[in-house]
Every structure is written in structure tokens, then in C-alpha cells.
Amino acid sequence: MGNNAEIIVIGGGIIGCAISYYLAKRGADVICLEGSDHFGNGGSSRNGGGVRQSGRDPRELPLVMYGIRNLWPFLSEELDVDCEYHQDGNLRLGKTKKHEEILTGLTERAVKAGLDVKMIDGDEVRRINPYLSEEVTCASWCPTDGHANPLTTTLGFYKAARKMGVHFLSGEKVIEMRKVKGVLRKVICASGNIYEGETIVLAAGYESRAIAGTVGIDIPMQPAMLEALVTEAEPPMFDQMLGTAEADFYGHQTKHGSFVFGGSSGLEGFTKDNGTPVCYAKTAPCICRGIMKYFPDLAEAKIVRTWAGWMDRCVDGVPVLGKVEEVPGLILACGFTGHGFGIAPGAADQLAELITTGSTQVDLSALRYDRFRAKI
Amino acid sequence: MNAVNDRSRDIGPFIPGTDDDILICRCEEITKGEIRKAVHDGMWTMTEIRRYLRTGMGLCQGQTCAKLVKAIVAKELGISPAELEPATSRVPMRPIEMRIFANELADKKEDGQDGK
Amino acid sequence: MKRYDLIIVGAGPSGLCAAIEAAKRGLNTVVFDENEKPGGQLFKQIHKFFGSKEHRAKVRGFVIGRQLLDEADRAGVKVVLNATVIGLYQDKEIVVKIGDGIEHYKGDAIIIATGAAENMVTFPGWTLPGVIGAGAAQTMMNLHGVLPGKKVLMLGSGNVGLVVSFQLMQCGCEVTALVDAAPRVGGYGVHAAKIARTGVPFYLSHTIVRAEGEECVTGVVIAEIDSHFQFIPGTEKHFDVDTICLAVGLSPMSQLLKMAGCKMEDNPKRGGQVPVCDEYGRTSLPGVFVAGDVSGIEEASSAMIEGKMAGIAAAEYLGYIEEEELKKELVSLEDALNGLRQGMFAPENRGKRIETTEEGIAVSENLLEHGFITEEEIERFPGITHKAGIHPVMECTQNIPCNPCQDACPKGCISIGDKITSLPVVVDGSQCINCGMCVASCSGQAIFLVEEDCGDGTALVTLPYEFLPLPEDGTKGKGLGRNGEPVCDAQVVSVKNNLAYDKTPLLTIKVPKEYAMKARFFKAL
């Protein structure tokens, strides 16, 4: 197989794999390059598995709603892998007056954007999920939200795309993109290999910033390390996705029975690492204390793994998607800011449509690169 | 590490084996056949296999099966097991109850005790 | 946060040795171990160790464990038990589970001495209750006093498989067969020989086809394999057993190092994934050291020396000793370590087929293929001499680093010389006084005292007998050959169990004189 294709996708996370899949489905010829040794090695495999609309910025809400309506329910069958998709609602929990204000604001905005979401009180929360402690006084409730398994979903896209002929390479770290006669065309790798395509999709998470910089594009985003943990399998307790008003804690029970929870210690954004995302000794104990406040019944559940991952945090909290006028041939798909999993199928499908037809069903204009302006 | 790995390389078709139903990962009950099939689905690293199938993700964290899985994957790929990097090790080394993990003793006691 | 000069993870032989050396040099040292008892595998080792005096040869493992704990105590080492180190984080921070909570500690230096875990092999039925690791069997027997099973098949003829097989018999189990896929016995020949002479059959080039049973193991089928490890049809053999013991190697438990970002390598010669380190245990992370099996599978004797090296290296790293002292100390420890890494079983010889001894004598092929030396082969080794009167017969035929026998004889009858791996020879003109010290001192139980002709048509053979019940004087039975087959009638004429023998009783049997060089074990009728 050669190094030329119609489309070169940089990044083999869920975004890159899903774009490759939806492009291949539309008959395009694709090469997908992953810098690390494994497909789905970044946030794609490290997130909490939320597939939710509630709590999202109205600019990205239509895209995730599109995915939940048209793609997620059929994904397991389509990819021939169990994505473990559950559409049993999302409870975004609050304990204080301040939380209630945050949740009410989010809910009002989402309702305006057409989402079925409402505020409920503590008693109603416990009718939906009887395991939640009395500390919970309110929540936003979105019944069409849910969760899925990020590992099998990401690798499912990879598997299905590979089967359809997408040429995947791992360990192929892109260090530079280059224009030819005014149009983006070349992708240069650390290995010395050079790939050429008519369209180049940049979906390399926070590493996209450095790669985009080689063609003079600067995406205002930074890596931020987040941590999560998983318990041993427990008897089935509840099916909802959970989050909190301050987004400091989230999780769900998986099909396997284990609970996956993400959380924070308060040091996020100011941590250090050794070149790979590493856990902080203080974080997991803090997440455990947080979980037990919400779910006293989980006190005896055993933690079997903790992990960390970088998110690509964009300055305004929503991804950068679509074409870039200054660099014809470039498609950006990065900056998902830690909530890129649930939106991935919708975003990938629409970008594939954009690449193959020039237009999209969902309006992506609010997520374009040219949105970044000074505040005054 | 970071050697270019072309996932379109032909590793031949999946040929069912007589011992495909043998359990390899006891904690998560994953069979040899499932592991072999996963390789043909494109899962070519120990990390991908683990994420795809859950091998080594149970209570023992792969203490028992890691080498076994590796040998199966290597054979399927036609490479030496030493060429496959083992999956990441993660805290905790032993499963630990949430209540215990949450309980930081430092503030309460001056020094380490033997817990008796 | 509480900080120590040195935190050691693992209170096994290497961890304790490291702690002793570091504490002696002034380091504030703590050792954490997840078990309720310290000593790692040492307290499971009821056999006498090999080596020389400096390696604590002929001392039983659990006694070495006690000695180390005493030394650690005297040196001021703090050993915290029931303390599981669950993570090694950045900045040399560890999190330890102690009781119902966790503690954070930092060490200016850290030594990881977490040892190894057992490998498994798969075959249909391998997950049935009754299939256990040899180390697990040893833990059950020797730490908890629980019989692992009644009839046991052992897979694996390395030293672990051989030693544990012997211990299984000592605690009253029947070892039905010893099986290995390799064409030759992997462990010390002397360990194999002491099992074979009790009648345990060896099946080399064989492996397990399947374990039988619905709820638990009720039997096993083995078959011969060809050079491509494929079963040869028609060679299946069935045994009724309730336990299948697997002794198929160990893997370093190096997870803490990997999670801390230590540079790792996959090294089959060291048993799997190990940290990249220098010979003194320094890893890619400054101040993080390793010692013992976690950096490569070896014997406990080597682990102890590696532990000492790491402890001293940590002392130098933290400025408690000068580099000069470090270098001086390491030279002698390296000599000791090299002493252990010599001979036919040296790491460099792993996987090699050795055909002659250092003395130029053809090795016993039968010992390698069946676990015992034939009568034709035995005569060519220097430990075997014939003369009038009582004299030692040393059936020690492989070059292994071990020499307690030459020190054991008060009359200087036995010589190994300066090279610790040399085969023992009987010193010309020396006079055996039948004290039995050589027999009891031999960790391989390969020395016998023989009076080939008592003048009445009989001969006397004195052999080590570490089994209960001890036969009484006058007990009649059979003399068993090296292969465990009955060869002649035999009668016990003396049973000695002196304190100096350190629990290796000596049985003297009277046999027809033509069996003086054939009868090597006793079985009461």
C-alpha cells in the first residue's frame, strides 16, 4: 500500500477512527496515522463513557443530539462490537444552593436549544436512583442521555474502518504538515515517512496544536490531566450516567458490573508528569471520598485500577471543527475539552459529510477555527 | 516502542483451533479463541487486546494471564513475544476497598503501624 | 508527609539484606511487606541451601530467614507487616495500605524487592480446583500446615518443581509423576536423584494433555511431545491424581517500577518484564533501586547478595558512605555473586546443552532424561571410590557452586578445592570415621557412607532420610536402587538423628554386599 490517499487522518483516537470509518463508509480512500503504539490511546480510552447532551454548551449541543438520535442506538450493530450503549438518562447532581443555580442555568439553556431536560428535587432523584445519599438536594434530569464503553466503541470504529479498507498505521508520529502550491498536501512523520492527501484531518487531541503550528495555525488549547478509577464488578445497581454541577465527579456502572468514576483533587491544571499521564497519589483517595458521599453503599467496593489521561482543553470549552480558510485542505477535529466521547460519532459523521459533499446536516459554524477573538 | 506498525500487514486468515474454548483470563473469563479473533480484528498490541476484551483487567490485573495472552497474540502475529510490550501497570497493586483507599491515616496518626 | 532515608518494598531475602546493610550505615530505613510474616519465600524453604559458608550454605531457608530478621532488628530496621504498597508515584512517593487506611510516605531512596509470581500453563481443565502453583503448594504445606492434596502430579523439573516434589513427599503426599515438556531435567541433578530413588517416575518430553474432573481434579492425562512441542498420538498416559502442581517458572513482579515510569525491558533470560538496571540495582529513576527476583529470576542466595549491593548503593547515593567504600564493598560482593553464578547452571549456560563436566567427564545423560544416574555411569565420577572399610560415596556429578561437604568432614576426607563448582573427590589416604557429617551436610542429599564388604556377605549403606515416621532399628524392608525400584532385601541397623545433623536423620541399612553400590534408599515392608 502506498503513502497516498484521498484523505489522511492524523490521530487514531475515537475522533480519528470514527472519521476514518464514516469516510470509508462514504467510499473515500483513507490513511489514518496514530503517533503512539495503540489506537485509542489518549482520552478515547480514558474517559468516563458519558453519552450526554445535558450540561453541554449550546454551540455543540445540536451535534451531540444528532449523534444520539441517529447514530448511537445503532452503533453496536453497525460496528459489530458491543459498545454497551445505555440510554437511561443522566443525573447531574447538586448539593448546594450554588449547585442548583449552575444546574438551573444549564437546564434553561438546553431547553431553549430543544433538549428534553428538567430540574428535579432530591426525592425525585432518589426515586430514579435510590442509592444516592440524602446529601443530594437537586439534579438536572435528561432521560435521553446515557453512557457507553469508550474502549470497545473506539476500537470498534477502528476495527470496522480497517475492515472497510482504511489503511491504519500506529507508531507513525506526525511532526509536520506542509502545503504544496498553496494547498495542504503533505504529512511528514518522525519515522521519515511522508504521506500525501487531498484532505488532511487533524484529530490528534492536544498534540494537534503543535502539528497545526507547522502550517501557521494556532488552536488555543492546552493539555490538562484528569484521573479516573474503576471498581471490581458489583451486582447491578443503576443504569444512569451521573455527573455533578461542578463537573468534579462523574461515572456509571458498566455492563461488566464495575463502576467507572472520574474525579478530581483540585490540583488539576497544575500537575506534572513524567512524559506519560500519571496519577497523583492524592487524587484517587479524594475521588473515593467523593463517591462515598454520593453512594455510601459503594464503600466496600474494591478499586482495581486508577489512571490518568490528558484532555485537550480548548479556551472556550468546545471543539474546533471543520475547514480552515487559510489552509485549504485542512480539516480540524480537536479541542473536545474532555467531553469528546459522546459527541464523537456525530462529529465524525458530519465531518465526513463535509469532506465528501462540502456541506453538513448539522450547522458547525459556531465551532469553526475562526471563532477565536480578543474579548474587547 | 513507537516502531511504525502497519495494521494492514497480512497475517493470514483466522483459522479456528481445537483449543479455542480454553479459558485464558480467568478473572474475566476470556477464551483463547476470543483473543485470537481479536488479533484478526486488528488488536495487535497487548494494550489494545486488553481494552477490547478486558483480559488482565480483573481482580488479579493480569498477574496470571499476561504472559499467556502475550504468547497467543505473538503467535497469531507471527512475532516473538518479547516484541510485544506488556500492558501498563496501574495503581493499586492489589484491589483495595474504596473505604480504605479513601481513609488517609496521616492526619490521625504520627507513624506507620502494622495494622494489627 | 513522613519521609525516610530509605524505603524498601518487600521483606524477603533481598529486601531484608538491603535493609540490614543500609541501616548499619546509618540510613533511617523502613521495610514494608504485604504479608503477615516477613521473610518472603525463605520461611517456605525447609531444605538446606547450596553454596559456600558466605552464602549460608547447608543452612535451611527458614533458619536464614530468622537470622536475617535478627540482624535487621539489631541494625535498627523497622519492618512493617500487613502493609501493602499499592503504588509508587512521582517523587519517590509510595502509598501503603495499612489496616483500614492508607499512608503516604516518601523515601530519599527506594529499593523495590517485590520478588516474583508463579507462571501458569494452560490445558483443558487448568482452571479446575486442584490445579495449583508449586509455590502455592509450598505455602500451604510449610506455612499453614495444610496438605495440598494426596496424589500429586508435578509439572516442571526445574529446582522449584524438584524441591517442592520432595517436600510434598515429606508431608505425606504421593507424587505420582514428575513431568516436563523439556527433554532434560532443568534443575540440579541431585534434587532429581533424591526424588527418583524414592520411586517417582520422571516423564521428560511430556506435558499435560488435560486435567480430568467436573468439580475438581480427579485425574490427568499426559503425553509425549515431539521437538515441535506437538503431542505424539498414542503416547497418552493417565494418572489418578487429585492435585496438579505447576512449577513452570516465575515472572518478576515489577509492576510498581513500571507504574513509576522506570525504563523497562522484556527480557526472557530474566523471566519477563524487568527494569533496566546496572549490576548494583540502579534503575533509570535516580534513587530507585531494585534487588532480587524483581530484576531477574535467580536463587534466594543471589537475591541476598543483590540486596546487600542495593542497600550499600543506596547508602552511597544518600551520602552515608563515600564512593571509595562503595567500590570496595561491591568488589567482594561481586565475587560472592559470581561464585554463585558459576557452573553448569550459571545464567550464561541457560538453555545450553552441556556434555562434559569441568573435569572433562561425560555427564550422566540418564540423570538428565530420567532423574537418576545408571550404575554404568556412576563409576566415572570422582566422588565414587572403592575401598575397604567405611568411606564416603559422593554421587555429585554436576558442577554446581556448593562446598559444605569439604568443611563437614573432620578428617579431611573430602576435597572440592578452590573452585567451588568442582566435583568433590575423596582425598587419598584419608580415614573416614563414620561420623555422618558429610551425609547430613549435603544439601543435595547425594553423599552416602558405604562399607562395601562387612566380611559376612553383607554391606552397610548409610543414607540421608528426611521422612517420617523414621524406621526403627531392625526394621526390615527393601533397598531401592537409584531409579526407585526394589533391588534387594535390606534391614535398618542404625538410625542416627544427632543435633549436628540439623534434622537430616541418617539411616544405615544392611544389604547383600553386591548391592553396596546399588541400594540408595530404604522402603519398609
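In the predicted model, a salt bridge joins the side chains of Lys258(C) and Glu85(B), with 3.6 Å from N to O; the term requires a side-chain nitrogen of Lys or Arg within 4 Å of a carboxyl oxygen of Asp or Glu. The model is predicted, with local features needing pLDDT of at least 70 and side-chain atom pairs pLDDT 80 or more, while totals for chains, interfaces and linings use all residues; side-chain values use heavy atoms, without hydrogens and water. Residues are numbered from 1 along each chain as its sequence is written, and chains are lettered from A and ligands numbered from 1 in the order in which they are written.

Between chain B and chain C, 3 salt bridges are counted. Residue pairs in polar contact (N or O atoms within 3.5 Å; within protein, one able to donate a hydrogen and the other to accept it, and residues adjacent in sequence counted only if both atoms are side-chain atoms) number 14, both residues being at pLDDT 80 or more. On the side of chain B that touches chain C, the elements giving two or more residues are β2 (23-25), α3 (66-77), β4 and α4 of chain B; helices (H or I, at least four residues) and strands (E, at least two) are DSSP runs, numbered from the N terminus. In contact, meaning heavy atoms within 4.5 Å, are 36 residues from chain B and 42 residues from chain C. The buried area (accessible area lost by two parts on being put together, 1.4 Å probe, summed over both) is about 3300 Å² for chain B and chain C, and carbon and sulfur atoms give 57% of this. Of the area that chain B buries against chain C, 17% is supplied by Gln63(B), Ser89(B) and Met93(B), more than by any other three residues.

The contact of chain B with chain A takes 37 residues from chain B and 45 residues from chain A. About 3700 Å² is buried between these chains, 54% of it from carbon and sulfur atoms. In chain B, the most area is lost to chain A by Arg7(B), Arg51(B) and Met98(B), together 22% of what that side buries.

Across the interface of chain B and chain A, 3 salt bridges are found. In one of these, Glu300(A) is joined to Arg99(B), with the closest N and O atoms 2.6 Å apart. Strand β16 (residues 302-314) of chain A pairs with β4(B) in the antiparallel sense over 2 bridges, where pairing requires at least two bridges found by DSSP. Opposite Ile96(B) in β4(B) stands Ile303(A).
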